[in-house]
Amino acid sequence: MTGGRYWRAGVVQSVPPTGTTDLGPGYLDPALLPVRLLAQAYAQALDEFGPAALTYGENRGPAPLREAIAARAGTGPEHVLVTAGTSQGLHLVAGLLGRPDDVVLAEPLSYDYGLRILTDRRLRIEVIESDMDGPVPGALTAAVRRVRRTGRRVGFAYLIPTHRNPTGVTVPDERRRALVTEAADVGVPIVEDDAYAGLRYDGPPEPPSLHALAGRRGVVRLGTFAKTLAPGLRLGWLEADPRLVDRCAATGWADSGGGFNHLAALAVAGLLSGGDYDRHVAWLREELRARRDALVDALGVVPPYGGFFVWLPAPAGDGQALRERAAAAQVSVADGRRFGAAGAGAVRVAFSFQPPPVLSAAGHRLAAARAASARLDATTTSD
């Protein structure tokens, strides 16, 4: 990648200088995007549905995709709404569950653009006490009570329990059950951002979603095909109580023009029903596992079980110094502060965007930069 600027999500962003390896992007390497598979899927959808594939479509999304998603979740299509990805789903749900100046509870480290969507909705973010396994037992209840004592309303909790961006943490099963129970007891809905579900490379099996543990009530689960197929599809879904799905489908966004990304939804429905999607994801997991292993072996850190990211604490908690030393070693990483104030002492490193040899070389340079920062800190402390 050369120096200069490039477009991402409608925002012009700086590109690292020429010769620098970019470990910042939290999306797939273009080499991993299934161009031919999707071309065939679109052709099949147009051939099968004809002009109906190019109409507005049903507000909830086309039945073939909703039925395929529901079958995998063990529920019915009335629980599913097709969205233009998790970001659009979050924006939609936030407007229905929250009111301006309501509080949304989130973990100290969370998806930066998700938090931006919430603040765009004029919602206030307050953090839940958490550790490396996620929210600690009782923290959700304590946070709700604290907010309510001030006279404010808690709209919902926004949680990323599986391979969380940015830390890669997966909340254990026991804590998931506690979270669901606490939320039900205090009457606060949970919005579960499940963007990385299914991208587990080893370790114990992925625990059930919060949505499943809650019996499909009180939890809205957001899913996406951006991480498993391609972000350019702008295609995802939400699973919720049918009454909330009906409210989503009745909003002006859907009612004015039918379901979101109708043709893409029909194309992906064919991939799910024909087995091509599962075969692709199995291949993708192996590719991403090799990339993760190349990076963590070079860094000498414990690998996350899944997702796209490694969370790397900085020596002496000085994330800025580590970023500067990494830049000097021609490695660009994501500033931990993007994901919350608690991230000031760390950086996020992604392994989804670069091939294994590049990750290995950059990982060794980053490890050396980190070690140099640690030695400098030790010298400064002794002085």
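Where is the place of Arg 216? I looked this up and placed Arg 216 in the loop between helix 7 and strand 11. Phi of Arg 216 is near 70 degrees, a positive value in a residue other than glycine.

**Entry: basis of the model**

I note that this is a predicted model, in which local features need pLDDT of at least 70, side-chain atom pairs count only at pLDDT 80 or more, and totals for chains, interfaces and linings use all residues. Residues are numbered from 1 along each chain as its sequence is written, and side-chain values use heavy atoms, with hydrogens and water left out. I took helices (H or I, at least four residues) and strands (E, at least two) as DSSP runs, numbered from the N terminus.

**Entry: confidence**

I looked up pLDDT, the predictor's confidence in each residue, from 0 to 100. The chain averages 92, and 93% of the residues score at least 70. Over residues 1-13 pLDDT stays under 50, and for this stretch the model has 29 contacts beyond four places in sequence (contact means heavy atoms within 4.5 Å).

I traced an open sheet of seven strands with mixed pairing, in the order 4-12-11-10-9-5-6. Two strands pair if DSSP finds at least two bridges between them. Strand 4 (80-83) and strand 6 (124-127) each have a single partner strand, so one side of each is left without a neighbour in the sheet. The twist averages 25 degrees from one strand to the next; axes are lines fitted to C-alpha atoms, for helices over the stretch in contact, and angles run from 0 to 180 degrees between N-to-C directions. Strand 4 pairs with strand 12 in the antiparallel sense over four bridges, and Thr 83 has Gly 236 in strand 12 as its bridge partner. Helix 4 (residues 112-120) packs on this sheet and touches strand 5 (103-106), strand 6 and strand 9 (154-159). The direction of helix 4 makes about 165 degrees with that of strand 9.

**Entry: a cis peptide bond**

I found a cis peptide bond between Asn 165 and Pro 166, with omega about 25 degrees. Pro 166 is in the loop between strand 9 and helix 6 (173-186).

I then traced an open, antiparallel sheet of three strands in the order 13-16-15. Strand 13 (309-313) and strand 15 (334-335) stand at its edges, each with a single partner strand, so one side of each lacks a neighbour in the sheet. Five bridges join strand 13 and strand 16 (residues 346-350), and Leu 312 stands opposite Val 347 in strand 16. Helix 11 (residues 276-299) lies across strand 13 and strand 16, at about 15 degrees to strand 13. Helix 12 (residues 319-328) also packs on the sheet, touching strand 13, strand 15 and strand 16.

**Entry: the second largest pocket**

Which element gives the most to the lining of the second largest pocket? I found helix 11, with four residues. A pocket is, on a 1 Å grid over the protein atoms alone, an open set of points where a 1.4 Å probe fits, with protein on both sides within 12 Å along at least five of seven lines; lining residues have an atom within 4 Å of a point. Of the 26 lining residues, the closest to the centre are Arg 72, Ala 197, Gly 198, Arg 221 and Trp 237.
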